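Please keep the sequence and the model in view while reading.

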Amino acid sequence: DAGSGVAVLMEIARALKAQPTSIGVDLILFDAEDYGQPMPSKYPHMEDSYCLGSQYWSKNKHRADYVAYYGILLDMVGGKNAQFCREAFSMQYAPSIVQQVWASAGELGYGNYFMDCDAGGITDDHYYVNKLAQIPMIDIIDYRPNSGFGAFWHTKNDNIDIIDKKTLKAVGQTLLKVAYNQ
């Protein structure tokens with residue numbers, strides 16, 4: 001489910017190299033997001049067993065003096081007919097960034113992806129960056145309030161067949177608009 005986000009980041013890196021922004025843009029890839037305790041589990045609850053890479057980075061940044069104004073997490077951003085709702089932790093920690101991203105998507109005509117809807121809180125890498133590193137970060141994730149994650153989620157059907165280049169383009173162009181309009 002992270003492959004689509006990496007694909008978007010690779011294209012963003014190419015675009016930023018060709019036409020740099022007036023701001024710095026860091027690309028960070030986290031590991032071990034889905035490593036945590038399965039639900040339901042017969043074992044006692046293990047707090048913070050997910051998102052190990054982002055937890056580690058948030059406590060041990062690559063530079064002691066590292067500063068970031070905000071972050072945008074990409075998770076499952078390439079599926080056909082993806083719908084991105086405003087995720088609750090994103091709204092709690094970084095509502096102005098959510099507004100900026102959704103407004104940029106709307107201006108580009110991608111309102112059919114960046115929907116006017118709210119989703120619950122999703123424990124994802126952005127949660128720990130917000131909580132531990134205290135860097136406002138949002139999550140762009142294909143999660144639908146009425147049906148949750150797609151039927152492909154965490155199955156062998158999560159493969160290239162479900163990826164849509166139009167969805168990847170919508171996410172990538174939206175993020176480039178945000179980066180170039182700072």
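In helix α2, the residues Gly53, Ser54, Gln55, Trp57 and Ser58 are buried, where buried means under 20% relative accessible area, exposed means over 50%, and partly exposed lies in between (1.4 Å probe, protein chains only). These buried residues of α2 pack against α5, which covers residues 125-133. The model is a predicted one: local features need pLDDT of at least 70, side-chain atom pairs count only at pLDDT 80 or more, and totals for chains, interfaces and linings use all residues. Residues are numbered from 1 along each chain as its sequence is written, and side-chain values use heavy atoms, with hydrogens and water left out.

**Overall architecture**

- The secondary structure of the protein consists of six helices and four strands; helices (H or I, at least four residues) and strands (E, at least two) are DSSP runs, numbered from the N terminus.
- Read from the N terminus, the order of the elements is α-α-β-β-α-α-β-α-β-α.
- The protein is as compact as a globular protein of its length, because its radius of gyration is 16 Å, close to the 16 Å that the globule rule gives for 182 residues.
- The radius of gyration is taken over C-alpha atoms, and the globule rule is 2.2 Å times the number of residues to the power 0.38.
- The C-alpha trace spans about 50 × 40 × 30 Å along the principal axes of the protein.

**Contacts, surface and charge**

- Of the 182 residues in the protein, 41% are buried.
- A contact means heavy atoms within 4.5 Å. Among contacts between residues at least 6 apart in sequence, 78% join residues at least 24 apart.
- The protein exposes about 10500 Å², and carbon and sulfur atoms supply 54% of that area. Accessible areas come from the Shrake-Rupley method with a 1.4 Å probe, and for residues only the protein chains shown count as cover.
- There are 15 positive and 21 negative side chains, and the centres of the two sets lie 5 Å apart.
- For this count, Lys and Arg are positive and Asp and Glu are negative, while His and the chain ends are not counted; the place of a charge is taken as NZ of Lys, CZ of Arg, CG of Asp or CD of Glu.

**The loop between α1 and α2**

- Ser49 lies in the loop between α1 (3-18) and α2 (52-59). Ser49 counts as buried because its relative accessible area is 9%.
- If residues up to four places away in sequence are not counted, Ser49 touches Tyr35, Gly36 and Gln37.
- Asp48 is found in the loop between α1 and α2, and Asp48 has a positive phi of about 60° although it is not a glycine. With 28% relative accessibility, Asp48 is partly exposed.
- Cys51 also lies in the loop between α1 and α2. Cys51 has a positive phi of about 60° although it is not a glycine, and at 0% relative accessibility Cys51 is buried.

**Aromatic rings**

- Rings of Phe, Tyr and Trp (its six-membered ring) pair if their centres lie within 6.5 Å; planes under 30 degrees apart count as stacked, over 60 as edge-to-face, and the rest as tilted. By this rule the protein has eight aromatic pairs.
- Tyr143 and Phe149 form an edge-to-face pair, with 4.7 Å from centre to centre and 70° between the planes.
- Tyr143 is partly exposed, at 22% relative accessibility, and Phe149 is partly exposed, at 21%.
- Phe30, Trp57 and Tyr66 form one aromatic cluster; Trp57 is also one of the buried residues of α2.

- Ala179 belongs to helix α6, which covers residues 165-180. Since its relative accessible area is 12%, Ala179 counts as buried.
- Leaving aside residues up to four places away in sequence, Ala179 touches Thr21 and Ile23.
- The C-alpha atoms of Ala179 and Glu47 are separated by 35 Å, and these two residues are 132 residues apart along the chain.
- Thr155 is found in the loop between β4 (137-141) and α6. Thr155 is partly exposed, with a relative accessible area of 34%.
- A distance of 35 Å separates the C-alpha atoms of Thr155 and Lys17, which are 138 residues apart along the chain.
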